[in-house]
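Please look over the sequence and the model below before reading on.

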Amino acid sequence: MNTNPKIRMTKQRQVILEELCKVTTHPTADEMYQMIRKRLPKISLGTVYRNLEILSELGMVLKLDVGGTQKRFDGHVENHYHVRCTECGCVGDLQMPTDQEIEQQAQSRTDFQIKRHSLEFIGVCPECRDAKKRKVA
Ligand code: ZN
Ligand code: MN
């Protein structure tokens with residue numbers, strides 16, 4: 001999987017990547033730490049955090065800078081869109097094709113070399129919507 005000889009895929013890093021790829025919840029570093037601890041009880045939060053940063057620099061995980069809250073991580077690196085809840089901050093995937101035309105439109109209007117785009121939709125998740133309904137009732 002990792003073909004770059006300069007990057008050593010440590011056991012810890014491998015476990016972090018495996019666990020992140022299993023979920024679609026876009027966990028924060030803290031949440032990742034709680035998940036990883038079940039498999040590697042001695043690992044520290046700092047180690048999890050550092051390895052997530054390294055994996056994101058390598059392009060093996062996505063770091064989502066959404067909504068000014070805690071950074072969230074995504075093991076699914078192919079471009080896709082996200083939807084964020086304004087109430088609880090949870091982030092979900094959106095199953096829809098990405099817009100290639102928007103990149104061409106942007107490219108024709110800038111000297112930057114466009115590589116990709118990201119798009120975040122904002123809404124209220126089903127749990128928060130139900131909770132609101134209960135309050136009103
Ligand atoms: Zn919510
Ligand atoms: Mn995602």
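Which residues does Ile16 touch, not counting residues up to four places away in sequence? Ile16 touches Met32, Ile36, Ile43, Val48, Asn51, Leu52 and Leu55, where contact means heavy atoms within 4.5 Å. This is a predicted model, in which local features need pLDDT of at least 70 and side-chain atom pairs count only at pLDDT 80 or more, while totals for chains, interfaces and linings use all residues. Residues are numbered from 1 along each chain as its sequence is written, chains are lettered from A and ligands numbered from 1 in the order in which they are written, and side-chain values use heavy atoms, with hydrogens and water left out.

**Manganese site**
- The manganese ion (ligand 2) is coordinated by His26 (NE2), Asp74 (OD), His80 (NE2), His82 (NE2) and Asp93 (OD), at 2.0 to 2.2 Å; donors are N, O and S atoms within 2.8 Å of the metal (3.2 Å for Na, K and Ca), and sites may look incomplete because water is not among the atoms.
- Along the chain, the donors of this manganese ion follow the spacing H-x47-D-x5-H-x1-H-x10-D.
- His26 lies in the loop between helix H1 (11-22) and helix H2 (29-37) and Asp74 in strand S2 (residues 72-74), so the pair ties together parts that are 48 residues apart in sequence.
- Both His26 and Asp74 are buried, which is to say under 20% relative accessible area, with exposed over 50% and partly exposed in between (1.4 Å probe, protein chains only).

**Zinc site**
- The zinc ion (ligand 1) is coordinated at 2.3 Å by the SG atoms of Cys85, Cys88, Cys125 and Cys128, and Cys125 and Cys128 are both buried.
- The donors of the zinc ion follow the spacing C-x2-C-x36-C-x2-C along the chain.

**Lys22**
- Lys22 has its place in helix H1 and, at 59% relative accessibility, counts as exposed.
- The C-alpha atoms of Lys22 and Asp74, 52 residues apart along the chain, are separated by 9.9 Å.

Terms used. Helix = DSSP H or I, 4+ residues; strand = E, 2+ residues; numbered from the N terminus.
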